[in-house]
Amino acid sequence: MSLAEVGARAEARVIELLDHEIERWRAVDPDLVDPLAALRELVVAGGKRLRPAFCHWAYVGAGGSPDDPLVVDAGAALELLHTFALVHDDVMDGSKRRRGLAAIHEQFITRHDDASWRGEGRRFGEGAAILVGDFAFVYADQLFRAAPQVAREVFDELRVELCVGQYLDLVGTGSGSSDATQASRIARYKSGKYTVERPMHVGAALAGRLEELASPLSAVGLPLGEAFQLRDDLLGVFGDASVTGKPVGDDLREGRLTPLVAFAARRASGAGIELLTLLGRPDLDDAGVESLQAFLIECGARDEVEYEIERLVEQSLTALSSTPITNEARIGLEELGTFVAWRDR
């Protein structure tokens with residue numbers, strides 16, 4: 001089963017739930033349609049559905065049936081949890097766009113301003129977006145309700161780790177740090193673990209084989225999750241906005257601490273050090289973004305990240321070759337791992 005097929009099943013399950021909820025709450029008050037419809041639109045707008053796919057292949061690899069509604073619901077829960085994180089992340093970062101759409105908080109700011117409502121549009125928009133994210137978080141929990149206790153414990157740990165990573169990201173950005181160890185820790189907890197390792201643990205737990213497979217799947221998932229985030233960092237700085245669905249250069253304007261930035265800081269001298277002071281300036285114009293992009297290439301930071309991605313993928317695939325799962329799942333995870341590391345969005 002391909003990534004598209006797994007993702008389509010997870011998406012269909014999310015849409016089924018949200019359509020029901022939209023109609024349920026429309027009967028209470030028509031205004032309640034807006035946040036739920038915004039959530040639905042964001043889900044439909046795109047996304048790679050990686051977390052459902054990693055969960056699916058670990059479940060199948062551990063002996064589970066690919067058609068089991070339990071793993072479909074788990075994949076849908078992971079996708080909604082990811083959507084929750086995106087909506088809140090956009091509020092924290094002040095991002096303008098997501099998946100080719102105006103970010104949720106921007107949509108509600110516009111609604112407030114167009115209607116000439118009282119109060120500050122920004123506070124209304126951000127408040128509405130926080131609630132949209134909260135809806136996604138609660139619905140994810142509902143979808144995961146039938147999972148056995150061992151899987152619930154993994155899901156809970158995944159969510160705590162995600163919050164840990166988000167806070168570390170805030171600290172790294174706010175402090176202006178360029179520490180490589182800190183950057184790697186942020187990448188691991190904010191994205192790597194909850195994108196690859198933990199969804200695979202969820203799949204193994206659903207199939208009743210977590211105790212046996214937790215360690216081998218971590219050996220596969222941790223380096224691959226880190227490679228995923230490194231590619232995400234590169235796309236955030238060098239990607240094509242028409243493909244990624246969000247503005248290129250926002251990570252530079254936000255001054256996010258990433259391994260790419262840490263590598264550059266370690267290599268910088270003279271004019272390079274001066275250029276890096278542009279990081280974190282929200283008024284950074286396109287020329288400034290281009291200057292930083294050029295420096296990240298010239299100093300070798302981009303090449304170093306690319307090399308690190310290759311090393312991490314090789315490490316992950318080597319571990320995968322000896323993981324005690326079905327051959328079908330091993331092939332599926334190998335293809336998924338290659339896509340994760342060298343995708344363009």
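1. Helices here are DSSP runs (H or I, at least four residues), numbered from the N terminus.

2. A word on the basis. This is a predicted model: local features need pLDDT of at least 70, side-chain atom pairs count only at pLDDT 80 or more, and totals for chains, interfaces and linings use all residues. Residues are numbered from 1 along each chain as its sequence is written, and side-chain values use heavy atoms, with hydrogens and water left out.

3. Helix 3 covers residues 50-61, which makes 12 residues. From first C-alpha to last it reaches 16 Å, close to the 16 Å expected at 1.5 Å a residue. The expected span is 1.5 Å times one less than the number of residues.

4. Helix 3 is mostly covered, with 12 of its 12 residues buried. Buried means under 20% relative accessible area, exposed over 50%, and partly exposed in between (1.4 Å probe, protein chains only). Among the buried residues are Arg51, His56, Trp57 and Tyr59. The cover includes helix 1 (3-26), helix 4 (69-93), helix 8 (180-206), helix 9 (210-238) and helix 16 (327-342). Contact here means heavy atoms within 4.5 Å.

5. Now the charged pairs. The structure holds 36 salt bridges. The criterion is a side-chain nitrogen of Lys or Arg within 4 Å of a carboxyl oxygen of Asp or Glu. Side chains of opposite charge can pair when their charged atoms come close.

6. Arginine 9 is partly exposed at 23% relative accessibility, whereas aspartate 67 is exposed at 55%.

7. Aspartate 34 bridges to arginine 111, with the closest N and O atoms 2.7 Å apart. Here too distant parts of the chain are linked: helix 2 (residues 33-44) supplies aspartate 34 and helix 5 (residues 104-114) supplies arginine 111, 77 residues apart. Aspartate 34 is partly exposed at 29%, and arginine 111 is partly exposed at 27%.

8. Arginine 122 and glutamate 126 meet in a salt bridge at 2.8 Å, N to O. Both lie in helix 6 (residues 121-143), 4 residues apart, about one turn of the helix. Arginine 122 is partly exposed, at 40%. Elsewhere, salt bridges with shared partners join Asp89, Asp169, Lys190, Asp251 and Arg256 into one network.

Note on methods. Helices (H or I, at least four residues) and strands (E, at least two) are DSSP runs, numbered from the N terminus.
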